[in-house]
Amino acid sequence: MSRIAIKICGLSTPDTVGAAVRAGAAYLGFVHFAKSPRHVEAEQIRALAAPVPPHVGRVAVVVDPTDDMLAQLAAAGALTALQLHGKESPERAAAIRARFGLPVWKAIAVKARGDIAAADAYAGAVDRLLFDAKTPDGAALPGGMGLRFDWTLLRGVAVATPWGLSGGLSADNIAEAIRVTGAPLVDVSSGVESAPGVKDVDKIAAFCKAVAAC
Ligand SMILES: O=C(O)c1ccccc1NCC(=O)[C@H](O)[C@H](O)COP(=O)(O)O
């Protein structure tokens, strides 16, 4: 397994979950957002996660969730973390962590340097930050669109919270992304798909192999 942790996000079938585990992913992401082509219900997450070995994290990705929604996801019992991918404030993120007793990841939408500085406000409130490309105003999704941001914005930045890099990553660009940012964790969705929402086992393997080579 690579020293750089990998999260394969937006999984929705048993075969692609198996491919991600075999390829060495440290985390599997399950998107619970009705507008997403990757949307899975709480019960599907439970079924998909059931055969996953315990050392592989299972992360539910949600957007400005209600407590009821989170309670339903948590009740399924399969999760090891919650990834907040909306406009959740540091206070809301901390309240979710306290209420549901799961580590919380917060996606930070990045377009300019100030977006990265704004992440400081989440120190102590969340367990991991995920720097992801800001999607355009009015876009259907706040993530999972295969967009990348200027990675040099992260160069030399000291981030107090454990963090990861996301947005537009693929087997073709991951070596450069890691070289520029020094990311300890990388997260991919579109870059391991053959069409939106359709994960490709060969692309998952190629991505993980490329990370392992870094
Ligand atoms: O993937 C989605 O459909 C999605 C929908 C709503 C909120 C977040 C979503 N994805 C979050 C992720 O963690 C993605 O892996 C991340 O945005 C990177 O996506 P990509 O640029 O497609 O690799």
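Me: How many residues surround the ligand, and which of them are the closest?
Reply: This is a predicted model, in which local features need pLDDT of at least 70 and side-chain atom pairs count only at pLDDT 80 or more, while totals for chains, interfaces and linings use all residues. Residues are numbered from 1 along each chain as its sequence is written. A residue is taken as near a molecule if its C-beta atom, placed from the backbone, lies within 6 Å of it. On that basis the ligand is surrounded by 27 residues, the closest being Cys-9, Ser-36, Gly-143, Gly-144 and Ser-190.

Me: How many residues of the shell around the ligand are charged?
Reply: Ala, Val, Leu, Ile, Met, Phe, Trp, Tyr, Cys and Pro count as nonpolar, Asp, Glu, Lys and Arg as charged, and the others, Gly among them, as polar. The shell around the ligand then holds 11 nonpolar and 13 polar residues, and the number of charged ones is 3.

Me: Which strands each supply at least two residues of the shell around the ligand?
Reply: Strands are DSSP runs of E with at least two residues, helices are runs of H or I with at least four, and both are numbered from the N terminus. The strands that each contribute at least two shell residues are β2 (27-31) and β8 (185-188).

Me: In what order do the 8 strands close into a barrel?
Reply: Two strands count as paired if DSSP finds at least two bridges between them; for example, β1 (residues 5-8) pairs with β2 over 2 bridges, and 5 bridges join β2 to β3. The barrel is closed by parallel pairing in the order β1-β2-β3-β4-β5-β6-β7-β8.

Me: What is the bridge partner of Leu-165 in β8?
Reply: In strand β7 (residues 163-166), Trp-163 and Leu-165 point one way and Gly-164 and Ser-166 the other, and all are buried, a residue being buried if 20 or more other C-beta atoms, placed from the backbone, lie within 10 Å of its own, exposed if 12 or fewer, and partly exposed in between. Strand β7 is joined in parallel to β8 by 2 bridges. The partner of Leu-165 in β8 is Val-186.

Me: Which residues touch the most other members of the largest nonpolar core?
Reply: A nonpolar core is a set of buried Ala, Val, Leu, Ile, Met, Phe, Trp, Tyr and Cys residues joined through C-beta atoms within 7 Å. The largest one has 65 residues, and those that touch the most other members are Ile-8 and Val-186.

Me: What is the bridge partner of Ile-8 in β2?
Reply: Leaving aside neighbours within four places in sequence, Ile-8 is in contact (C-beta atoms, placed from the backbone, within 7 Å) with residues including Ala-20, Leu-28 and Val-188. Its bridge partner in β2 is Leu-28.

Me: Why does Pro-54 count as exposed?
Reply: Pro-54 lies in the loop between α2 (42-49) and β3 (57-62), and its C-alpha atom is separated by 9.5 Å from that of Thr-80, 26 residues apart along the chain. Pro-54 counts as exposed because the number of its C-beta neighbours inside 10 Å is 7.

Me: What is the phi of Asp-64?
Reply: Most residues other than glycine have a negative phi. Asp-64 is located in the loop between β3 and α3 (67-75), where it counts as partly exposed with 13 C-beta neighbours inside 10 Å. Although Asp-64 is not a glycine, its phi is positive, at about 45 degrees.

How values were computed:
Two residues are in contact if their C-beta atoms, placed from the backbone, lie within 7 Å.
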